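Let's take a walk through a protein structure together, one piece at a time.

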Amino acid sequence: MKALDIKLLRDLRLLWSQALTIALVVGSGVAGYVTTLSAVDSLEHARDSFYASGAFADVFAAVERAPRAVVDELRALPGVADVQVTAEHAVRIEIADVTDPIIGQLIGVPRERPLAMNRVSLRGGRTEDGPGPALADGALPAWVSENFALAHGLTPGDRLQALVNGRLRTLQVAALALSPEYVFAGSFGSPDRRGFGVFWIDGDAMDAAWDMRGAFNRVAVKLAPHASERAVVDALTRALAPYGASLAHGRDDQVSHSMLATEIAEQRVLGTIMPAIFLAVAAFLLNVVVSRLVATQREQIAALKALGYANRAIARHYLQLVGVIVALGLAIGVALGKWLGTMMLGLYAEFFRFPRFDHILEPSLVWVAAGLSVLTALAGTLGAIASTVRLAPAQAMRPPAPGRYRPTLLERMGLTRLPTVLRMILRQMERRPWRTLLAAGGVAAAVAIVVLGNFFRDAVDTLVDTQFNRSMRFDVSVWTLKATSDRAAGELARLPGVTMVESSRYVEATLVNGHRRERTQIKGYATQPELYRILDVDGRATDPVGQGLVLTDRLADKLGLRVGDRVQAEILEGRARTLTLTVDAKVREMMGLNAYIDRRLLNRLLGDGDLSSGFVLKIDADREPALLAATREMPRVVGAFSKASLLRNMEEISARNIRIMSGVLTAFAAVIAVGVVYNNARIALAERAWELASLRVLGFTRTEVSALLLGEMALVIAVALPLGMLAGWGLVHALIGALKSDQFFFPIVILPRTYAWAAIAIVAAGAASALVVRRRIDRLDMVAALKTRE
Amino acid sequence: MLAQPVESPAAAPVLVARGLTKVYRTGEVEVVALRDVDLDVAQGEFIVLLGASGSGKSTLLNILGGLDVPTSGTLKFRDKTLSGAGEAALTAYRREHVGFVFQFYNLIPSLTVRENVALVTDIAEDPMDIDEAVARVGLAPRRDHFPAQLSGGEQQRVAIARAIVKRPDLLLCDEPTGALDVQTGRLVLEVIEQVNREIGTTTMVITHNAAIAGMADRVLHLGDGRLAGIDRNARKISPAELHW
């Protein structure tokens, strides 16, 4: 080994604790990058291969009832490669000992021809054309969506009940199944493993139950290469119009696909912003530590030059030192990223189901991470190394000029009665403004990351509070299969424990303004809704009192509508009709793209009589089980949902995932805080050991001397806390801007607890680093300090 | 604290050392820096410690000043036993009773003259006025200058002001002129002599410069860690008369 390499190792051994903290910061950045992007890669890979193997359709449509003869007509549409028609129905599912309502999507698998699109994969490597005809005792074999089966502990052979067209039928689990159409496990766009299941049953049995022989109500279309989705959607909509309620749409409006797409897009943003912050902090730390190192080694550098080492060799020597630190960080980051990425896939697997879902770490990702780390190292250290290396040997042999001090800005402004220790601290900080600023910036970055990590919890809590407590003031919502006479409200009011009932009617429609079209549900509410209120992000209620629509602002913007404008509503239910409505109000809602109207007005415009399709109920506390049981006896009711269970289902997954995320981000932020505080304190200690030892000689206690050094760190943290909170606020806004979607208006609410937690976490990390440095202060060699000149 | 009037050198000793020995161990090598030194230092006395490098004079001064503890032997300051005292007791001893002046001044570069002195008044119990201390060393006009703006001699005078402002019982000076030219060194010694004379502070000056010995009441010669001899000057000469 060359002498210079031995020096490298010895220097590293001397610097090990600082090298490690820097490597950890680099490692956190790399880990954040590798974790999120490898998880996203894995998600995309699993999706693409499942979409290919399962022949996921491109365009989807639903009709009331269309004859099979139409299929040939659809096949002939330009841009259509293949068409598959099925019969599907949403039904109520009952499982012994489960009180919460369950919605089941029954899909008939045609006997004569296996599914060509949206093909089902069965667990255990089984391949079968269909679930098979009814068993001897009348039970229907069913393939059951895996996530639902797992959530209820269902295994092949287990039985459950389904309310099939008003008749209770027994379903027997034949196999656990996965479908590219139902990768996302949940209903209404929120994850729910227990309350929603998909059941594939024998097509003939399905047809018999709903009298759908020779007919269908669902269409899946595969596009021809280079075909325009838009054109096919339009053609399909027109072709199916005579058969009631045609709702053709592409993959973007397909629930499972759009949830996957949103997740992938969000993680790509997160996986880019967060690591960038970490690597910037790492660059700063490298800069501070390496500047200090080369400064202390000026004389050694001069000696090397005198011995004939070229500038390049000396620069390479110091870059190697940096290289070792960064390589260590890269190794830690990739290993940690692989581990966390695999863990993240485990979380994803609870609501995204694929036949194969393996963690993939693309080599390119590692290379990019390595490249970014090297750039970080160069950005942080090249300047410091170059300036020292360029010194002439004779100049380098002399110690650097002594530091020049002057009264601080505060003192120059007239504040002269500062305590001596504070004065020393302030002058020290002012003498090295860049280092002080960067240190404060580094700590502030840590604070901002904790704020960001915990913001999601605040946002979800606010969303839940607005949605579940202030908007949904009911306890139970009841949905009927079809719009039904509002007399049902009276029946419900007589059920046990019901104190108040509010009716609503939902109608599928396409809103049209010129060339802009948006599919939505027109929600007919009570004139002054009490139990289901329309709230904006600030919690203000808007009532559909006027003669027109109340639109979510995002929907109005998409349609280019202003208050007072007229909009066409093409009704996609029953007989095709077009209503002309005015926009009465816009409301900035948190979730969804909604169009509200007074229910009675809607019914009047449609001319269908006094109909309702949903009811929300306020009930006496602890009468809920009795009420839910009673609704089960009502044949027209497709489901009765307890708000409490909805909330529980949502919190079960979301709350835990958010806790994990904020935990990981807090840990990463602590790494940054420790890295910044520890390295700064160590360097300050190295630079000022002489001064501090002199003070010890004068009779200053260890505590007093520590206060002098650690006071500077405390001040840096004190300055960084408000800065970091501000930066966190900005980061949250930037991130929410980057994550903006049509479906959500993420409330930017940062609760005081989040700021408090950020402060506590960072102060704790700072205090821990300070304690380690404090031990070194205690070991200061007083006698040695008196023997050498500064 | 120096409340009592100046007494004659014959009065009760301030420091009593018996059998002071200091052994440094570095790895397997043992270095005996101080061997069996007995010493009484009287109140108000001016002592010069003479010896070559490695003679043990700094080790002795460090132990007397509470910067180090002896390996064996006893050391008492008045009725306090310093040998075997703990960290906190030694810090308190330095803080309350000892003023140090060093070869390299050991000033705090970020503090002005006045503030360097204030550093001590902040922690001392009954210090003199800062400006009085600064005036005593003749630096009143430069009191708001930073160390980097002062000459070596001026810096050393700041160190002296900082050492005496707490009214120490002991003023310990380790090669105070070591880094100065003759002219400046003489000026610094004048200040030390004046402090000893006017305030009555017991003073010990370490030097390898034999010429300084003439200022002392007593001159201790150290060699190879032992107290090799003690001279008593019948007549002290003033620093102005010193030549080296």
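What follows is a tour that begins with the whole of one chain, visits some of its parts, and ends where two chains meet.

Before we set off, please keep in mind that this is a predicted model. Begin with chain A, which has 790 residues, 46% of them counting as buried. Its C-alpha trace spans about 100 × 60 × 50 Å along the principal axes.

Now find two helices of chain A, α2 (residues 16-53) and α7 (residues 255-296). In general, a pair of packed helices is described by the angle between their axes and the distance between the axes. Here the angle is about 165 degrees, and the axes of α2(A) and α7(A) are 9 Å apart. An angle over 145 degrees counts as roughly antiparallel, and therefore α2(A) and α7(A) are roughly antiparallel to each other. The crossing of α2(A) past α7(A) is left-handed. Sorted by class, the residues in the contact of α2(A) with α7(A) are 21 nonpolar, seven polar and four charged.

Next, turn to a sheet. In chain A, four strands form an open sheet in the order β2-β12-β1-β13, with antiparallel pairing. Which strands lie at the edges? They are β2 (80-86) and β13 (249-250) of chain A, each of which pairs on one side only. Inside this sheet, β1 (residues 59-67) and β12 (residues 215-223) of chain A run antiparallel and are joined by six bridges. To see the pairing residue by residue, look at Ala62(A), which stands opposite Arg218(A) in β12(A). A helix of chain A, α6 (residues 229-240), lies across β1, β2, β12 and β13, and runs at about 10 degrees to β1(A).

Another strand to visit is β6 of chain A, residues 140-145. Is this strand enclosed or open? Six of its six residues are buried, so β6(A) is largely enclosed by the rest of the structure. Both faces are covered: on one side Leu140(A), Ala142(A) and Val144(A) are buried, and on the other Pro141(A), Trp143(A) and Ser145(A) are buried too. As for its partners, β6(A) runs parallel to β8 (residues 167-178) of chain A, and six bridges join the two strands. Ser145(A), for instance, stands opposite Ala177(A) in β8(A). With β11 (residues 196-202) of chain A, β6(A) is antiparallel and has two bridges.

Let's move on to chain B. In its helix α1 (residues 57-64), eight of the eight residues are buried, so α1(B) is largely enclosed by the rest of the structure. Among these buried residues are Lys57(B), Leu60(B) and Ile63(B). After α1(B) comes Gly66(B), with a positive phi near 80 degrees.

Finally, see where the chains meet: 23 residues of chain B are in contact with 20 residues of chain A. On the side of chain B that touches chain A, α2 (87-97) and α3 (113-121) of chain B each supply at least two residues. The most comes from α3(B), with four residues. By class, this side of chain B has 13 nonpolar, four polar and six charged residues.

Definitions and conventions:
Residues are numbered from 1 along each chain as its sequence is written. Chains are lettered from A and ligands numbered from 1 in the order in which they are written. This is a predicted model: local features need pLDDT of at least 70, side-chain atom pairs count only at pLDDT 80 or more; totals for chains, interfaces and linings use all residues. Two residues are in contact if their C-beta atoms, placed from the backbone, lie within 7 Å. Ala, Val, Leu, Ile, Met, Phe, Trp, Tyr, Cys and Pro count as nonpolar, Asp, Glu, Lys and Arg as charged, and the others, Gly among them, as polar. A residue is buried if 20 or more other C-beta atoms lie within 10 Å of its own, exposed if 12 or fewer, and partly exposed in between; C-beta atoms are placed from the backbone. Two strands pair if DSSP finds at least two bridges between them. Axes are lines fitted to C-alpha atoms, for helices over the stretch in contact, and angles run from 0 to 180 degrees between N-to-C directions. Angles under 35 degrees count as roughly parallel, over 145 as roughly antiparallel, 65 to 115 as roughly perpendicular and the rest as oblique. A crossing is left-handed if the near helix is turned anticlockwise from the far one by less than a right angle, and right-handed if clockwise.
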